[in-house]
Amino acid sequence: MSQSPLTADRNLGRPSREFVLDTDIGTDVDDLLALSMIFGSPELDVVGVTTVYGDVELRARIVAATYHAAGLTPPPIAAGNAETQSGRPVWWPGHEGSTIADLDDHVFDSALSAIDLLAASATVVAIGPLTNAAAVTRQPGHRVSQVVIMGGDFRREIVEHNIKCDIDAARSLFAAGVPVLAVGLEQTERVRLGSDVLARIGAAGPLGAMVAAEMTRFWAFAEQDYNVPHDPIAVLTLARPDLFEIAAGTVTVTPEGRTFFEPDPDGLHSIVTDMDVDAVGTAIVDRILAAADASTETASIDTTVGPRASASTPT
């Protein structure tokens, strides 16, 4: 059921709760955690999902499989830009979708334009490289009035992954004249989900089993025993803005990909400057568990949509 959108407030950085999600799901498990958290967030209404970067058709099937595991009928799913605006080669570890059985059986509408889907939404939440998000701001007549991203590191210490993957797109987005709320690495790294969370999620329904398998696989790849929920934190700013401190200003991205923020109460951009770390972590886990528990009874619903699309070969 559709939720009533919030009125966007540029200075507070509080966007509508109805949005299209743009994701590079399948590489870091945090995209899957974010999508699962959305399922358990009654305040949020995802009206479409687009994929970006690399094998976008494989990513789209992962989205469809996640909806199926949750027992939910998906919104429109569209494969977006596979190549970067900058021409930088795509980083592709190769483990994407490896734990998901029968992935080829999950389909999406291959004729649907990701940019058109994004352009029709007032709010875009971009939790991957910013190629699609930048492209939609160049689309004549787009309706986008707020972009929420997980991206940047406002300590100015490193080049964050989503920015690094397509620096030209990041520079283009922040120069596009569209309000952007950015959640940087210096904030997201304050939250960690450990083995206790993994065990709780894995015991909770078909969706939980899927998420736990992907968490375990990513931990092995990253040689760690925890997850940083980068993307869920960015999405949570829509559902629980009260947990975050947000400052308005201007974000600039250097040609090398470093992100700088200049405070300005009249600025077009905003960033998260602080958050209730414990409450944010609890909210993320509780919402994922709510969705996973619900999937126990509903996972048999047929969520297949559209003609089957063949996977593209990542470059």
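Start at Thr51, whose bridge partner in β3 is Ala79. This is a predicted model, so please keep that in mind throughout. Strand β2, residues 45-51, is joined to β3 by 3 bridges, and the two strands run parallel. As background, strands of a sheet pair through backbone hydrogen bonds, either parallel or antiparallel.

Now the whole sheet. How many strands form it, and in what order? There are 9, and the sheet is open, with the order β3-β2-β1-β4-β5-β6-β9-β7-β8 and mixed pairing. The edges are β3, residues 77-79, and β8, residues 259-263, and each of these pairs on one side only. From one strand to the next, the twist averages 30°.

Helix α6, residues 167-174, packs on it and touches β5 (146-150), β6 (180-183), β7 (244-253) and β9 (269-275). The direction of α6 makes about 110° with that of β7.

Next, β9, which lies between β6 and β7 in the sheet order. On the β6 side, 3 bridges join β6 to β9, and the pair runs parallel. Leu181 stands opposite Ser270 in β9. On the β7 side, 6 bridges join β7 to β9, and that pair runs antiparallel. Here Glu245 has Asp274 of β9 as its bridge partner. Why call β9 largely enclosed by the rest of the structure? Because 5 of its 7 residues are buried, buried meaning under 20% relative accessible area.

Moving on to helix α9, residues 205-222. How far apart should its ends be? At 1.5 Å a residue, the 18 residues of α9 should span 26 Å, and the end C-alpha atoms are 26 Å apart, so the two agree. The buried residues of α9 include Leu207, Met210, Val211, Glu214, Met215, Arg217, Phe218 and Trp219. Just after α9, Glu223 takes a positive phi of about 55°.

Two of those buried α9 residues, Glu214 and Arg217, bring us to the last item. The count comes to 1 cavity of 30 Å³ or more. How much space lies in the largest cavity? About 30 Å³. Glu214 and Arg217 line that cavity, together with Ile25, Gly26, Thr27, Asp28, Val29, Leu32 and Ile62.

I will take questions now.

Methods: Residues numbered from 1 in each chain as written. Predicted model: local features only at pLDDT ≥ 70, side-chain atom pairs only at ≥ 80, totals over all residues. Heavy atoms only, no water. Pairing = 2+ DSSP bridges. Helix = DSSP H or I, 4+ residues; strand = E, 2+ residues; numbered from the N terminus. Axes fitted to C-alpha atoms, helices over the stretch in contact; angles between N-to-C directions. Contact = heavy atoms within 4.5 Å. Buried < 20%, exposed > 50% of the residue type's maximum accessible area, 1.4 Å probe, protein only. Expected span 1.5 Å × (residues − 1). 1 Å grid on protein atoms, 1.4 Å probe; cavity = no way out; pocket = protein on both sides within 12 Å on 5 of 7 lines; lining within 4 Å. Points joined across faces, edges and corners; volume = space filled by probe spheres on them.
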